[in-house]
Amino acid sequence: MSDLWSEMAKRAKPYEAGEQSLRPGTVKLNTNENPYPPCPPVFKALESCLGSSLRTYPDPNSSTLRQAIARLHGVNENQVFAGNGSDEVLGFAFMAFFRTDRTIRFPEVTYSFYPAYAQLFGIPYEKTALREDFTIDEARFFGSEGGVIFPNPNAPTGIVLPLSAVRDICMNNGDRPVIVDEAYIDFGGETAISAIAEFKNLLIVRTLSKSRSLAGLRVGYAVGQEDMIEALNRVKNSFNSYPLDRLAQAAAQAAIEDESYFNETVSVIKRTRETAQETFVSLGFDVLPSSANFLFVRPPVLPAEQLYRELKDRGILVRHFKQKKTEDWLRVSIGKEEEMAQLYRELADILSAAIQT
Ligand code: PMP
């Protein structure tokens, strides 16, 4: 840190992403990526972009992609905003809706990018306590001073809030923004997109990184009433007017339009999650009820951090969060059946060795 740094750079507490550079052959269950490839039309769409059109700037407003997203959700194109991954969309939303003189709320156990944005933009925040069982008590989000943000399903717990509770939070925050991060909603739970028409303070943020297998492409979007989308556009056009390149726009549209591949891969992942849930329980773990493509589990016998390390030594990567409320738990992304089978074998081996010593 030096005097060259702005106040913003000095106060930043950057987000720490899960490990990405790995030994070949590592079973990667640490960043909730989709274990299945993107749908075949994605590759055709990418090929169609590999020509001289790359010489020119892409459509700054991602219009064709936004039309496809609008069709998917039965909303109007002007109720959709597209960005470079939902992390960027969330960053724009913090800038567009949260203020430095009003305290916002998010759950005490949640996506760790929220405090990073709040810190960067100087937005005061309070961490709202969860119930003992890690569920969100929606009433604790009523009447916020500056607005609220939470993932639904929550991360890293995987626990979903019913639509009625999301609606209650919107209703009880009147003219304060309510941002619902639906990164994992395709794996369970009910989207709040149907409530957009009713609540002018509701913004829903989505990603193509999880259920559409496109984490490497970086595409996210938001859905809300036109007034909220306009605020996002003002921020975007004051920062980077071309956030999505030509390849990202074309491939994301192809992924959005392939409904049958989407339904097939999501249901395989949900089936694998059910088996994983049962297997973890049979190995003696506590497991939270997940509506996402990951499980939050508390191991028996060994401390979570030690188990994380032992698995890593055996070529399996899961996520351990060192904070007080989460240090006894591990977050395990749902992989392919064979990857999960390898995980169960290693877990059984590690745990039985630990019991004998
Ligand atoms: N929200 C939540 C709750 C997440 O877990 C993630 C993935 N790390 C994101 C948003 C961001 O996803 P992306 O930027 O890949 O769209």
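Begin with the open sheet of 3 strands, whose order is β9-β10-β12 and whose pairing is antiparallel. Strands (DSSP runs of E, at least two residues) and helices (runs of H or I, at least four) are numbered from the N terminus; two strands pair if DSSP finds at least two bridges between them. Select β9 (286-287) and β12 (330-333): these stand at the edges with a single partner strand each, so one side of each has no neighbour in the sheet.

This is a predicted model, in which local features need pLDDT of at least 70 and side-chain atom pairs count only at pLDDT 80 or more, while totals for chains, interfaces and linings use all residues. Residues are numbered from 1 along each chain as its sequence is written, and side-chain values use heavy atoms, without hydrogens and water.

Now select helix α6 (residues 163-171). Which of its residues are buried (under 20% relative accessible area, 1.4 Å probe, protein chains only)? They are Leu163, Ala165, Val166, Ile169 and Cys170. Seen down the axis of α6, these fall within an arc of 160 degrees (taken from the directions from the helix axis to the C-beta atoms), so they line one face of the helix. Show β5 (148-151), β6 (178-181) and β7 (202-207) as well, since the buried residues of α6 pack against them (contact means heavy atoms within 4.5 Å).

Note on methods. Buried means under 20% relative accessible area, exposed over 50%, partly exposed in between (1.4 Å probe, protein chains only).
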